[in-house]
Amino acid sequence: MNARRFYPLIWVVCLLGRPVSAAGWERLEREGLTLRYQDIDREPARVLLDELISGRSEVARKLGGGQDVPIVVYVAGSQALFQTVTRGRIPHWGAGCAFPAERIAVLRLLPGQRGQVLKTARHEISHILLHHLARSRVPRWFDEGVAMWVAQEWRLRESTELSYAIFSGGLVPLDEIEGVLGFSSSKARLAYTESLLAVLYLIHLGGPGTVAQIVQSLGAGVSFDVALYRITGLTPGKFEREWAEYAEGRFSVTALLTSAGALWFFMTLLLLGVFVAVRVRNRRIIEQWDEESPEDALPLRLRLRVRRSGDRT
């Protein structure tokens, strides 16, 4: 399953076992996509079905196939129901899960986070289609990285966490990401971020169609290591070393502080500081005016006239 929780959800892919029985669930179906939901979630489910169909088309386009693969999606309106459907096999940080062998995805409905639910849906559908299209074993980092790439999942938080890991020497080796389900939520986020960055580096080396080419090779029975070498000319070990250098070059503390994005960030902070300083100064001036006598604000000649007039009175 792909566990991803934004603040702090993550996704997970479950390669073994089945979710709970479909008994007692309502059903909507169209174009080979079946949506299972509880009656209380009827309205969000109706809206979600169209978006899931569209999401499957987008994922299939990026992977180079799988448009017509039938998929069943369960939507759980509570954490308790989510854990029941997945039989409690998902870490607490999980917001979605895929059972690729059964072509089943489970989504945790998040109130007020419709956009995040749709990202999670694309993420899980990616797992299902990738495992459907590939005949050879898929490394977990590639599986997770492709799912994140498809769902366009990247935030400033990921950049800062990756920068800290590079600074502290705490990057997770790509082959160790196989055990992500046993990671803490923070380490899992780092592992997913690394997976995405590894896929982006792969695309950087091979071009826009790299992912679809590798999936096609996997579908022909070619091993991932061979497919990687054909695209990049690199063995897995050399690819990881170059990827680590690439990550350090882009996300070290120095790189982040000197990037164009950081420059705009610092300029924004400067403008904000100037704005606050002007507001504070203006407030102080107004307070001084309130404390002064109205006569004190007049020119000296007028003040003398006012006082003489008062004296005569």
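This is a predicted model: local features need pLDDT of at least 70, side-chain atom pairs count only at pLDDT 80 or more; totals for chains, interfaces and linings use all residues.

**Charges over rings**

Over the ring of which residue does the charged end of lysine 62 sit? I find it over tryptophan 149, 5.3 Å from the ring centre. My cut-off for this: NZ of Lys or CZ of Arg within 6 Å of the ring centre and within 35 degrees of the ring normal. I also noted lysine 187 over the face of phenylalanine 183, at 4.4 Å from the ring centre.

Residues are numbered from 1 along each chain as its sequence is written, and side-chain values use heavy atoms, with hydrogens and water left out.

**Aromatic pairs**

I count seven aromatic pairs in the structure. Rings of Phe, Tyr and Trp (its six-membered ring) pair if their centres lie within 6.5 Å; planes under 30 degrees apart are stacked, over 60 edge-to-face, and the rest tilted.

I looked up tryptophan 25 and tyrosine 74: centres 5.1 Å apart and planes at 85 degrees, so this pair is edge-to-face. Tryptophan 25 is in the loop between strand 2 (10–13) and strand 3 (26–30), and tyrosine 74 is in strand 5 (residues 71–76), so the pair ties together parts 49 residues apart in sequence. Helices (H or I, at least four residues) and strands (E, at least two) are DSSP runs, numbered from the N terminus. Tryptophan 25 is buried at 11% relative accessibility, and tyrosine 74 is buried at 5%. Buried means under 20% relative accessible area, exposed over 50%, and partly exposed in between (1.4 Å probe, protein chains only).

Next I checked tyrosine 201 and phenylalanine 239, with centres 5.7 Å apart and planes at 40 degrees, so I call the pair tilted. Tyrosine 201 belongs to helix 6 and phenylalanine 239 to helix 9, so this pair ties together parts 38 residues apart in sequence. Tyrosine 201 is buried at 7%, as is phenylalanine 239 at 1%. Ring pairs also link both of them into a cluster with Trp141, Phe142, Phe224 and Tyr246.

**Helix 6 against helix 9**

The axes of helix 6 (residues 185–206) and helix 9 (residues 236–251) come within 10 Å and cross at roughly 105 degrees. I take axes as lines fitted to C-alpha atoms, for helices over the stretch in contact, with angles from 0 to 180 degrees between N-to-C directions. That makes helix 6 roughly perpendicular to helix 9; under 35 degrees is roughly parallel, over 145 roughly antiparallel, 65 to 115 roughly perpendicular, and the rest oblique. Contact residues (heavy atoms within 4.5 Å) include Leu197 and Tyr201 of helix 6 and Phe239 and Trp243 of helix 9.

**Backbone and a histidine**

Most residues other than glycine have a negative phi. Glutamate 31 has a positive one, near 55 degrees, in the loop between strand 3 and strand 4 (33–37), and it is exposed at 55%. Arginine 103 also has a positive phi, about 55 degrees, and is partly exposed at 29%.

I then looked at histidine 132, in helix 3 (residues 114–133). Histidine 132 touches Val69 and Arg103, not counting residues up to four places away in sequence.
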